[in-house]
Amino acid sequence: MTTPIAPASRIAVITGASSGIGAATARHLAAAGYRVVLTARRKDRIEALAEEITTAGGKATAYPLDVTDRAAVDEFATAFKTIGVLVNNAGGALGLDSVESGDPEDWRRMYETNVLGTLHLTQALLPKLEASGDGTVVVVSSTAGHGTYEGGAGYAAAKHGAHVLTETLRLEIVGRPVRVIEIAPGLVKTDEFALTRFAGDEARAAKVYDGVPAPLTADDVADTITWAVTRPSHVNVDLLILRPRAQASNTKLHREM
């Protein structure tokens, strides 16, 4: 049973809402009674999603935003007096190269999106969350932030940064009316994650999921985020690691070949 949403806490901002986990989370939170604010760089995608949610009876607003642009983030934050939930979902992986051969530009982009993007939105909206009297910050990290694997150093470093940011924020604001939640998914099959990681190489992206009987879906993760957000106010889900049954660790995956 979920707790009714207090009026001051009905707005949920979701970053990276144009596809995958972000889009699914927007749908789930809207169904749970939140007015969702969809942010992403792809204006057409979030506008279409906002229309879909509204047609289904929910409340949604699209706001094109690059989370790595601090001036744009600060301007975005001025639109709100209070918000109830911030879901820091924007991120992603680039490449699967070794430390020896990795492209520093890929590492920089991953850090800027996964860590600095989360920092920008959290800093800009934390006063609005606190003003609600019952705010929640969610950071969608990854199991990569809790254990690395060959070829994954750049992404793991970025997601570890997101994990440490989340853990430290929780320590620093304890006693204030804001919960800090980290959701760390393992293998999730979405339309774009692996395709983006491998620069549009469809064959290479498909191999990530070959033979895996049931990887997680974006809806699985969104359902988990919504469950964590809708716990009673005194309940904080500090860290929830979510994997498909076929995945025992970042390096142990059952495949039916």
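## Exercises on a predicted model

The largest cavity of this predicted model has a volume of about 80 Å³.

**Exercise 1.** Describe the lining of the largest cavity: which residues are closest to its centre, which helices contribute, and how does the lining divide by class?

*Solution.* 
- Step 1. Start with the count. The structure holds 1 cavity of 30 Å³ or more.
- Step 2. Go to the centre. The lining has 15 residues, and L94, G95, D97, W107 and M110 are the closest to the centre.
- Step 3. Assign elements. Helices α4 (104-131) and α5 (153-172) each supply at least two lining residues.
- Step 4. Sort by class. The lining has 6 nonpolar, 5 polar and 4 charged residues.

**Exercise 2.** Compare the radius of gyration of the chain with that of a compact globule.

*Solution.* 
- Step 1. Take the chain length. For 257 residues, a compact globule would have a radius of gyration near 18 Å.
- Step 2. Take the model's value. The chain has 18 Å, which agrees.
- Step 3. The C-alpha trace spans about 50 × 35 × 35 Å along its principal axes.
- Step 4. Buried residues make up 48% of the chain. Of the contacts between residues at least 6 apart in sequence, 73% join residues at least 24 apart.
- Step 5. Note the secondary structure. The chain has 8 helices and 9 strands.

**Exercise 3.** Is S18 buried or exposed? Locate S18 and list its contacts.

*Solution.* 
- Step 1. Locate the residue. S18 lies in the loop between β1 (11-14) and α1 (20-31).
- Step 2. Apply the cut-off. Buried means under 20% relative accessible area. S18 has 13% relative accessibility, so it counts as buried.
- Step 3. List the partners. Leaving out residues up to four places away in sequence, S18 touches A23, A40, R42, R45 and I46.

**Exercise 4.** Where is the pLDDT below 50?

*Solution.* 
- Step 1. Start with the chain. Its pLDDT averages 94, and 96% of the residues score at least 70.
- Step 2. Find the stretch. The pLDDT is below 50 over residues 1-6.
- Step 3. Count its contacts. Beyond near neighbours in sequence, residues 1-6 have 10 contacts in the model.

Key. Residues numbered from 1 in each chain as written. Predicted model: local features only at pLDDT ≥ 70, side-chain atom pairs only at ≥ 80, totals over all residues. Heavy atoms only, no water. pLDDT = per-residue confidence, 0-100. Contact = heavy atoms within 4.5 Å. 1 Å grid on protein atoms, 1.4 Å probe; cavity = no way out; pocket = protein on both sides within 12 Å on 5 of 7 lines; lining within 4 Å. Points joined across faces, edges and corners; volume = space filled by probe spheres on them. Helix = DSSP H or I, 4+ residues; strand = E, 2+ residues; numbered from the N terminus. Nonpolar A, V, L, I, M, F, W, Y, C, P; charged D, E, K, R; others polar. Rg over C-alpha atoms; globule rule 2.2 N^0.38 Å. Buried < 20%, exposed > 50% of the residue type's maximum accessible area, 1.4 Å probe, protein only.
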